[in-house]
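Please view it alongside the model.

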Amino acid sequence: MVTFGIEEEFLLIDPRSGMPSARAAELSGILDGPSGPAMTASAEFLASQLETSTIVCETLEQAADALLASRSLIAGAALSAGVGVALTGAAPLIPEPPAEITGSGRYMLMGEVTGAVAGDHYLNGTHIHVGIPDREARVTALNRIRPWLATLAALSSNSPFWRGRDSSFSSWRLIHYRRWSVQGCPPYFADAADYDRRLAHLLETDVVLDAGHIGWAARLSQQYPTLEVRVSDAQLEAQDSVLLAALVRGLVTTVLQASEQPSRTDPEMHDAALWQAARYGLEARLVGLDGVSSPAQAQMDALLAYIRPALEEAGDLPYVVQGLDRMRRTGTGAARQRAAVAKDGWHGLTGLFERSLTAA
């Protein structure tokens, strides 16, 4: 069974003002005790960002249990500390002063290197790690998933609001991320040696501090024998994150069993598709595998058809079919956020976050 893990990032906010609250270190300390082996919690790059990681999972049930448990713990810790939790890829409201960076040496240096880019980096993602023991196979999988990254981005779009207004984008996080030094769709690599050579060249410059500073939408993890898919916004509900994990694992399993050569589509087309996904989510068109735009929901159906055998083999197909049907009915996270604000204003958004944090 191909294993996987899920990292989730959460934004802590003041429940009265809705502004980011720099208390992630405090909450991670509270969570360290009761969290147990199912998850770990730590402050992220900004002092208002909390990150959790699941254990290595073999089944979707394990992942769902781990996420629900960690989110329940976060909800309790946040309530005790008097802070709110915003389940979104970009902060709806931000203050004028630059963001407070978590006080680790690495993060402080990263803030110095990136300047004003770091100053309003109120962005949160969902990262899916898929275990691939062989490094050459990891690079092969990285090459072959590139054409599908925009589809995953569209499905996971959940950051429509920025600075108190609708950005007109479904994933403002993806757009904001384009300001970092190395980001976007990863390039094509000839093999693992080519990946290592080009990574080493980047690390020899002053552009990035270390491999963790590489912001590609997917990359090889430097800590684990995994392929890390980072294209997704933070998700509203645990089941949204589990659905993404199922799709990513199914996609990676499929491409590793495929006999066809990896797509060599021009990289600018992949970047254009990511921009389209960020702009419209599932509500318009995406540049597809053939370089031609087609309805995003049709590409979602194409992804399901492509990975169906892998989903069936893992026993994940019913969960994925149900999850995608739910997505069609309720919309992406971005669509649900907009609906909440249209109905009840900013209080509706806060209420949506509160309900979603503990939703089964």
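Is R163 buried, exposed or partly exposed? R163 is partly exposed, at a relative accessible area of 36%. Here buried means under 20% relative accessible area, exposed over 50%, and partly exposed in between, with a 1.4 Å probe and protein chains only.

This is a predicted model, in which local features need pLDDT of at least 70 and side-chain atom pairs count only at pLDDT 80 or more, while totals for chains, interfaces and linings use all residues. Residues are numbered from 1 along each chain as its sequence is written, and side-chain values use heavy atoms, leaving out hydrogens and water.

**Two loop residues**

R163 sits in the loop between strand 6 (161-162) and strand 7 (165-166). Helices (H or I, at least four residues) and strands (E, at least two) are DSSP runs, numbered from the N terminus. The phi of R163 is positive, near 55 degrees, and R163 is not a glycine. S168 is also a non-glycine residue with a positive phi, about 75 degrees. S168 belongs to the loop between strand 7 and helix 7 (172-177). S168 is partly exposed, at 33% relative accessibility.

Helix 8 (residues 192-203) has twelve residues. Its first and last C-alpha atoms are 16 Å apart, close to the expected 16 Å. The expected span is 1.5 Å times one less than the number of residues. A192, D194, Y195 and L199 are the buried residues of helix 8. They fall within an arc of 160 degrees seen down the axis, so they line one face of helix 8. The arc is that of the directions from the helix axis to the C-beta atoms. These buried residues pack against helix 5 (135-145), strand 9 (215-216) and strand 10 (218-220). Contact means heavy atoms within 4.5 Å.

Helix 5 is mostly covered, with eight of its eleven residues buried. Among them are R138, N143 and R144. The cover includes helix 6 (149-155), helix 8 and helix 9 (238-257).

In helix 5, D134 comes to within 3.2 Å of the nitrogen of E136. In helix 8, D191 comes to within 3.2 Å of the nitrogen of A193.

**Buried glutamines**

| Residue | Relative accessible area | Helix |
|---|---|---|
| Q299 | 8% | helix 11 (296-314) |
| Q337 | 0% | helix 13 (333-357) |

Beyond four places in sequence, Q299 touches W148, T151, L286, V287, G288 and S294. The side chains of Q337 and N158 form a polar contact of 2.8 Å. A polar contact is a pair of N or O atoms within 3.5 Å; within protein, one must be able to donate a hydrogen and the other to accept it, and residues adjacent in sequence count only if both atoms are side-chain atoms.

**Aromatic contacts**

The structure holds ten aromatic pairs. Rings of Phe, Tyr and Trp (its six-membered ring) pair if their centres lie within 6.5 Å; planes under 30 degrees apart are stacked, over 60 edge-to-face, and the rest tilted. Y177 and W180 form a tilted pair, 6.3 Å centre to centre with 45 degrees between the planes. Y177 is buried at 18%, and W180 is buried at 9%. F45, Y107, Y177 and W180 form one aromatic cluster.
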